[in-house]
Amino acid sequence: MNLTKETLDRLYKKQKTMLSAGWIITIAVIALTEVLRLLFKDIVTNRAAFNFIMLIIDILPIIYIVIMTKKLIPSGQSRRLRKVFKVMQQDPISDNTVNMLYRAIGEASKYPEKLRLTGLLVSVYSLRGQYREAFDLLFASDRSGFEKYPDVAMLHFSDIICLYAEVGDNDSALRAYADGKRFFEAASERNYICCNTAFSAMIGVEAAQKNYRKALDLRLILNEYQNLFNSSTGAAQQGTPLNRLINGTVFMDSAELFYLCGDLDNAAKYIDIGGPMLSASPFLTRKANDLSEKIRTALAQRSYQ
């Protein structure tokens, strides 16, 4: 699968344009109907019918926004998922969060929602360093709806690829990609968020093949657009424990790829920025410290040459 900056840029701009157009059309239509009401208030004889027609016109752009939103948001997004994610902003990886996610998964009745919640729990276990629990969840997941929901299937295989890459099992990461490739091809360009998921998986795939330069290029492209997206939605200003933890892992992953590419200066810069952001996770803090030590050792050896 060939993912490029142009692909992500096109989907990002398409998302912004569609959302902006929806709100512009809504405001314009509401303003127009208000003008029509004023112009015809003394002319129309059947005011009830006229007001009903104006109401229908007012509702049309809202219907457009709902339809466009469904195209821009992956399957499985729900009120329950948003509520869980809101709690996780302040309490990202505690036992309480794990228990909350298990309850939410049990309560979810819709297939894509259940799989999305399972993906969140997988992420929590990964951030805690509990890879066995994360793998067990993924391998126990119901795959019967993958053909109907390829974006959910893509997320599932992306999680597997990233976990295998994390533990250094490169062969299994590549097999997981082969198993899920048709879902990546079906869903990776469906919308901007799906493309983000595909990028994350391909970073793991390229690293598993020891194509570290390619993996780093993909990582930096994804970083750029995640920053743009966060800035446009205000997420970058939230500064919640979960956002700090996520940003910290992005910097640490980037630092590791810079290190593997031999760019020690950038590796040191990125780990210095990202390391302190990982304080909420003792596991990730230890991992960042180990990576920092390797980078410092390599820098010291270089200075003696």
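This is a walk through a predicted model, from its overall build to some single residues. Because the model is predicted, local features need a pLDDT of at least 70 and side-chain atom pairs count only at pLDDT 80 or more, while totals for chains, interfaces and linings use all residues. Residues are numbered from 1 along each chain as its sequence is written, and side-chain values use heavy atoms, with hydrogens and water left out.

Let's start with the whole protein. It has 13 helices and zero strands. Helices (H or I, at least four residues) and strands (E, at least two) are DSSP runs, numbered from the N terminus. Taken along the principal axes, the C-alpha atoms fill a box of roughly 90 × 40 × 35 Å.

How much of the protein is buried? Of its 305 residues, 45% count as buried. Here, buried means under 20% relative accessible area, exposed means over 50%, and partly exposed is in between (1.4 Å probe, protein chains only). Contacts tell you about the fold too; a contact means heavy atoms within 4.5 Å. Among the contacts with a separation of 6 or more, 71% are between residues 24 or more positions apart.

The axes of helix α3 (residues 79-90) and helix α4 (residues 95-107) come within 11 Å and cross at roughly 180°. That crossing makes α3 roughly antiparallel to α4. Axes are lines fitted to C-alpha atoms, for helices over the stretch in contact, and the angles run from 0 to 180 degrees between N-to-C directions. Angles under 35 degrees count as roughly parallel, over 145 as roughly antiparallel, 65 to 115 as roughly perpendicular, and the rest as oblique.

Which residues make this meeting? From α3 come R80, V84, V87 and M88, and they meet T97, M100, L101, A104 and E107 in α4. The residues of this contact divide into six nonpolar, one polar and two charged. In this sorting, Ala, Val, Leu, Ile, Met, Phe, Trp, Tyr, Cys and Pro count as nonpolar, Asp, Glu, Lys and Arg as charged, and the others, Gly among them, as polar.

Charged residues bring us to salt bridges. A salt bridge is a side-chain nitrogen of Lys or Arg within 4 Å of a carboxyl oxygen of Asp or Glu, and the count comes to 14 by this rule.

Helix α1 gives a local example. The side chains of D9 and K13 meet in a salt bridge, 3.1 Å from N to O. These residues are four apart in helix α1 (residues 5-40), so about one helical turn separates them. D9 is partly exposed at 21% relative accessibility, and K13 is partly exposed at 49%.

Other salt bridges reach across the sequence. E189 pairs with R10, with the closest N and O atoms 2.6 Å apart. This pair links distant parts of the chain, 179 residues apart: E189 is in the loop between α8 (170-187) and α9 (192-208), and R10 is in helix α1. E189 is partly exposed at 44%, and R10 is partly exposed at 43%. D95 forms another salt bridge, with R128, where the closest N and O atoms are 3.0 Å apart. Here D95 in helix α4 is joined to R128 in helix α5 (residues 111-128), 33 residues away.

What about disulfides? A disulfide is a covalent bond between the sulfur atoms of two cysteines. Here a disulfide is counted as a pair of cysteine sulfur atoms within 2.5 Å, and the count comes to zero. The sulfur of C194 is 8.7 Å from the closest cysteine sulfur, in C195, which is too far for a bond. C194 is buried, at 2% relative accessible area, and C195 is buried at 0%.

Let's finish with two single residues. E166 lies in helix α7 (residues 150-167) and is partly exposed at 30%. Leaving aside its neighbours within four places in sequence, E166 is in contact with Y131 and K287. From V29, E166 is 137 residues away in sequence and 51 Å away in space, C-alpha to C-alpha. K210 lies in the loop between α9 and α10 (212-233). K210 is not a glycine, yet its phi is positive, at about 65°, and it is exposed at 53% relative accessibility.
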